[in-house]
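Thanks for asking me to look this over.

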Amino acid sequence: MSKNYYIMNSGELYRKDNTIEFRNEVKQKSIPVNDVEQLFCFGEVSLNSKLLTFCSQNQIVIHFYSYYGMYSGSFCPRESNLSGLVKVKQAEHYLDPEKRLVIAKRFVLGSLFNIRRTIEKRKKDSEKLEKVYDDLSTFPEKILDAGNINQLMSVEAHFRKKYYSVWQEITDWEFEKRAYNPPNNPINALISFGNSLLYSQTIKEIYKTQLDNTISYLHQPSERRFSLSLDLSEVFKPLFIDRMIFRLINQGQIKESYFMKAMNGTYLNEKGRNIVLQEFESLINNTIYHRELKRKVKYSNLIKFEAYKLVKHVLGEKEYVPLKSWW
């Protein structure tokens, strides 16, 4: 059963006894606290410190999005799974340029592998896809040769540019290059919205571990964002979001009429967002047989397992190896 709850309308969130209540001029909804781990708020949602205290006591994470579906920020309760040793070791690996670069390269290698795996499943019917798939095979060496974070991110930008060059081939929708702030066409709008959902989910999964979400390796740590979530999301974007977008478009679930022009950009309208949210919810609750654990696990747990692998790496227990798709 899902532990995510999506609030799609503007209104008020408040505490009432042992429930979270949402109300506006049209409806009132009770959310039993035992049934939710995350709240996703879209539009103008007002709340007070009493509600935040209640969510903190029950370890409920709240994510905020604008009217147009753009991620604004997250409220995370005080950490309940603290480890001073992990935080110190995590910081040490950031402060040491060589150790930081090792971890950052693993994230990028994982992303590249999963991108190629995603193309591999579709390349048999397209010479262009076949060529890009082969071209991307030269990038692991370039990743390993990168001497610093800037060089590494440059390599990543180059292979992502090649990857995005075949999206029109995969979807039949017009798409030339990645654009954001704002997204300029339907595919960019889907990528931005999907990535923000993955980013939010990753924040919550990291929150369950002893890791500090503000200490990152590939992306520069910032006081205004949970940058480690950006790092881990790189591994999962091709597997979760990109494949979801291809599926939504190619199966006709999402149409170009489900987008709107606003604020000099292109965004999903309410109907489009609902479709993507339903698909994302189904995705993260889907299960897959885990080869190492010898049992079925939820997709969302794959993110949490990745975070725990990073914990073991910074503690010196086991080298971090990024998840590589076997499906």
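Predicted model: local features only at pLDDT ≥ 70, side-chain atom pairs only at ≥ 80, totals over all residues.

1. Residues are numbered from 1 along each chain as its sequence is written, and side-chain values use heavy atoms, with hydrogens and water left out.

2. A nonpolar core here is a set of buried Ala, Val, Leu, Ile, Met, Phe, Trp, Tyr and Cys residues joined through side-chain atoms within 4.5 Å; buried means under 20% relative accessible area, exposed over 50%, and partly exposed in between (1.4 Å probe, protein chains only). The largest such core has 78 residues, and F240 and I254 have the most contacts inside it. Helix 9 (residues 227-250) supplies the largest share, 12 residues; helices (H or I, at least four residues) and strands (E, at least two) are DSSP runs numbered from the N terminus.

3. Do look at I254: beyond its neighbours within four places in sequence, its contacts (heavy atoms within 4.5 Å) include W173, L190, F259 and L268. A second, separate core has 15 residues, among them V33, C41, V45 and I62.

4. Helix 8 (residues 186-207) is largely enclosed by the rest of the structure, because 22 of its 22 residues are buried.

5. Rings of Phe, Tyr and Trp (its six-membered ring) pair if their centres lie within 6.5 Å; planes under 30 degrees apart count as stacked, over 60 as edge-to-face and the rest as tilted. There are 22 aromatic pairs in the structure. W167 and F246 are edge-to-face, with ring centres 4.7 Å apart and planes at 70 degrees. This pair links distant parts of the chain, W167 in helix 7 (residues 167-171) and F246 in helix 9, 79 residues apart. Both W167 and F246 are buried.

6. W173 and F259 also form an edge-to-face pair, at 6.0 Å centre to centre and 75 degrees between the planes. W173 sits in the loop between helix 7 and helix 8, and F259 in strand 9 (residues 259-262), 86 residues apart.

7. How many disulfides are there? With a disulfide taken as a pair of cysteine sulfur atoms within 2.5 Å, the count is zero. For C41, the nearest cysteine sulfur is that of C55, 8.8 Å away. C41 is buried, at 1% relative accessible area, whereas C76 is partly exposed, at 23%.
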